[in-house]
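Colleague: Please show me the model and take me through how its parts pack.

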Amino acid sequence: MKILDKINAPVSKVKPYQPGRPIEDVARDFGLYPEDIVKLASNESVLGVSPKAQKALIDCIANLHRYPDAGAWELRDKLSQKMGMDTDQFIFGAGSNEILVFLAQVFLAPGKSVVASAHAFVIYKILSAMMGADFIEVPVKDGLEHDLEAMAKAIRPETALVFVCNPNNPTGTLISQEEIERFMDQVPDDILVVFDEAYAEICLGEMPDTLSFVKQGKTCIVLRTFSKAYGLAGVRIGYGMASAELISELNKPRQPFNANLAAQNMALAALDDDEFLQDSIAVYKLAKQYYEDLCDELNLEYIPSYANFILIKTGNGGDVTNKLMSLGVIVRPMQPYLLDEWIRVSFGTAEENEAFGVAIKKLRQENNV
Ligand SMILES: Cc1ncc(COP(=O)(O)O)c(C=O)c1O
């Protein structure tokens, strides 16, 4: 097709994101019943959707012929009180992913660069490539941890964005308050530090207070999502918090109704569902223990995780993922993260985790891991 010659040059080089495979897809490919399949591939909420959010969805169904509030005022107001920020310090997106897109559209172009850790959320690399910006990937420390000192040193004059993913997907590692404070002292103030905190509310360790840097007027933005802790991945809503000046720039590429009506109402209700949040965290703690014990028993290396998933070194992650899928367990191969030997497993219910345990033991018996 001749039109393909006119694709923007950077876009033609982009390797698209590979999401976790849907249950129905795997059922078709492997001749399995969907109800026999366990999906532990996308770090989704273990307890489903917050019950308060479910009720909010039902309550707003009859209003879905209306456009949503373009400014998401009710949600903005509630979050501003909860976070101790002004209402003009928030931006909403169809998932926090959309805010990553706004950041790329506003700050990246050929001649600019991005600094991020190796083995961090792959969307940073994809968006940098899409905008033709250089992607400076900084090697990790032992234990696949972000090396913030090396990241600060990797910043160049043309660098616009530095991504700090905490806890990091897919490694599950957590950076401490002290490390982040040292890092913020080293980063020049013409660089925007993006704290991507998709797992903050369910973090299994001490989550650093990065919002304090926004409040101190440092050049940074904190991204959060309702996808993970509150189980709203399917309706798509996330938000960013930064100075009002920065937020007004990020709002320029935003389309007016990007945060949909159902999502706004469900998010509002979810914020009141602390019971759901606490119950989810309790399940994740048990799951973490289960997987660590399982790996110890099978002598498999793993990275201790502070989020709702775990990285396990099985050898040949692509092959192991396919074999697990044939046994009805969907996990995520880690080749896109240059961790070919590893798989990432999202924490499930005790029953779902047990299904993984049975499958991986079967593969061990057959000498596949
Ligand atoms: C680190 C990180 N950031 C951002 C996202 C995007 O989440 P969402 O767009 O659903 O808010 C994810 C999703 O997996 C993630 O792991």
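Modeller: Axes are lines fitted to C-alpha atoms, for helices over the stretch in contact, and angles run from 0 to 180 degrees between N-to-C directions. Helices (H or I, at least four residues) and strands (E, at least two) are DSSP runs, numbered from the N terminus. This is a predicted model, where local features need pLDDT of at least 70, side-chain atom pairs count only at pLDDT 80 or more, and totals for chains, interfaces and linings use all residues. Residues are numbered from 1 along each chain as its sequence is written, and side-chain values use heavy atoms, without hydrogens and water.

Colleague: How are the axes of helix α12 and helix α14 arranged: roughly parallel or roughly antiparallel?

Modeller: The axes of α12 (residues 274–298) and α14 (residues 350–365) come within 11 Å and cross at roughly 10°. Angles under 35 degrees count as roughly parallel, over 145 as roughly antiparallel, 65 to 115 as roughly perpendicular and the rest as oblique. Therefore α12 is, relative to α14, roughly parallel.

Colleague: Which strands stand at the edges of the sheet?

Modeller: The open sheet has 7 strands in the order β2-β8-β7-β6-β5-β3-β4, with mixed pairing. Two strands pair if DSSP finds at least two bridges between them. Each edge strand has a single partner, so one side of it is left without a neighbour in the sheet; these strands are β2 (90–93) and β4 (134–138).

Colleague: Which residue in β6 does V162 stand opposite?

Modeller: Strands β5 (residues 159–165) and β6 (residues 192–196) run parallel and are joined by 5 bridges. Opposite V162 stands V193.
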